[in-house]
Amino acid sequence: MFRERVMTSYQAGVALLLLSSLAIIPDSSRHFLSSSAQGGEVGAWGWTDVTTYGAIGNDQKDDTAAIQAALQNIAPTGGCLYFPPGTFLVQTTVSIPSNIAVRGSGCRASVVKAVGTLGHVFRTAAGAADVSFHDIGVDGSGTASGIHLQQVNGLYLERTAVSHTWDHGVWADHCVRGIITRCLLEDTGRHYLSSPSTGGGAHAITLGNDTFQVVVAGCSVLDNHTAGILSYQSSSLVYARNTLEYTQPALAFAGLRVANGDLYPSATTIFANVTRGQPHGIAIPQNVVTGAQSRCVAAVANVLSASANAGVSAGGSALLFCGNVVDFPNVSIGPDAIYLGHQHAGQQAATDMLFGSNSLYRPVQQPGYWMCHGFTTDRVMCTGNAIRDAYLNIWLAGSSLVAHNTAYF
């Protein structure tokens, strides 16, 4: 009965993922580092040019007052705040109200750059609706965070580059309905370098505090200093076709992390992402003190490469992990490739899970380590996986089923 129920859910879930991804994931075939604004589209909005109000954009003069004056001129019904090519300095956070599109001439051509410590470069007004960022760069100068979206109903970020931030790159907080697509997040969370014990919030993209119905798709995260994309206390999220790479894996938490502290999300789809160089490619942890865990998480068709720790570390219930590739081409020693579960108060940490049709490769057979180790598991089906060069193959605890896997040495 258990196997039939899991297989039926698996078949329906994979079909739904593949079909829905065609509809909800934006086309990322066009390179997101576009150097030219789409002038006709900007004009249709009725744009307000910040240079008309005194902004210089020469990387020398503070342009904060001019930007705020331009925002005040936009009609209450909304419009486009336009930044022509240049580097615009701000000494205080720019507050974005409802119905505003912030647009530049390309995320490398039009850059808004922090001067000094100012929290975030951009922050939406609490409760704002229909806010978007297009073709613009945001530089935290190592002292400020990037974009804080707070209580926004309807957000859209595309072809936006956020770099050199002290804390978050993009933080969506109490938001609903949104898309973050074809964005570049680079060198975010710098304070973690000097204070590793306080680096928990310094993620490239964070979705938290009752954020739901948000898609993060086609983004590139490079050299973030903690998690690349993190969600907590949120639901109905999709991470799809993102690339996450870090060249110093000892400093990062995970490429994709679904949980934080005691706040665990549900209903999250992780589809067709590529991670390289993080300690964990995908981390779905359970809190070993409180027992809080993630539920209803599907990870399908991801490539998790060169993780310094486990390729996948998972704890929770109702988990689907299928069609993924996990390989360690640059790691000669280390722990288990797939690590399922930590025990809390006698409870099984990874339960009701399907782990199937994955490709697992480890070039060095490290004695004592498993390719897939279920430390505390129950009701897990592990089937149809292809395993190469593991010292130890698969071990799962509890009433789990391991069948029809292929191992090659």
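This is a short chat about a predicted model of one protein chain.

Reader: What does the secondary structure come to?

Author: Four helices and 40 strands in the protein chain.

Reader: How much of the chain is buried?

Author: Buried residues make up 56% of the 409 residues.

Reader: And the accessible surface, what does that come to?

Author: About 15400 Å² for the protein chain. Carbon and sulfur atoms hold 55% of that.

Reader: What share of the contacts is between residues 24 or more positions apart?

Author: 67%, counting contacts in the protein chain with a separation of 6 or more.

Reader: Let's go to the strands. How is β20 covered?

Author: On both faces. Strand β20 spans residues 229–232. I229 and S231 are buried on one side, L230 and Y232 on the other.

Reader: Which way does β17 pair with β20, parallel or antiparallel?

Author: Parallel, over four bridges. Strand β17 covers residues 205–208. L207 has S231 of β20 as its bridge partner.

Reader: How many bridges join β20 to β23?

Author: Three, and those two strands run parallel as well. Strand β23 is residues 254–258. There, R257 is the bridge partner of L230.

Reader: Moving on to β27. How many of its residues are buried?

Author: Five of seven, so strand β27 (residues 294–300) counts as mostly covered.

Reader: How many bridges join β24 to it?

Author: Five bridges join β24 (residues 266–271) to β27, and the two run parallel. T268 stands opposite V297 of β27.

Reader: And β30, how many bridges there?

Author: Six bridges join β27 to β30, again with the strands parallel. Strand β30 is residues 316–322. The partner of A298 in β30 is L320.

Reader: Change of topic: helix α3. Which residues are buried?

Author: T64, A66, I67, A70 and L71 are the buried residues of α3, which spans residues 64–73.

Reader: Now the surface. Which residues form a nonpolar patch?

Author: V274, V303 and V325. Together they have about 170 Å² of accessible area.

Reader: Where does V303 lie?

Author: In strand β28, residues 303–305.

Reader: Why does V303 count as partly exposed?

Author: Because its relative accessibility is 32%. Buried means under 20% and exposed means over 50%, so a value in between is partly exposed.

Definitions and conventions:
Residues numbered from 1 in each chain as written. Predicted model: local features only at pLDDT ≥ 70, side-chain atom pairs only at ≥ 80, totals over all residues. Heavy atoms only, no water. Patch = residues over 30% accessible without salt bridge, like charges linked within 9 Å, V, L, I, M, F, W, Y side chains within 5 Å. Areas by Shrake-Rupley, 256 points an atom, 1.4 Å probe, with all protein chains shown as cover. Salt bridge = Lys/Arg side-chain N within 4 Å of Asp/Glu carboxyl O. Buried < 20%, exposed > 50% of the residue type's maximum accessible area, 1.4 Å probe, protein only. Contact = heavy atoms within 4.5 Å. Pairing = 2+ DSSP bridges.
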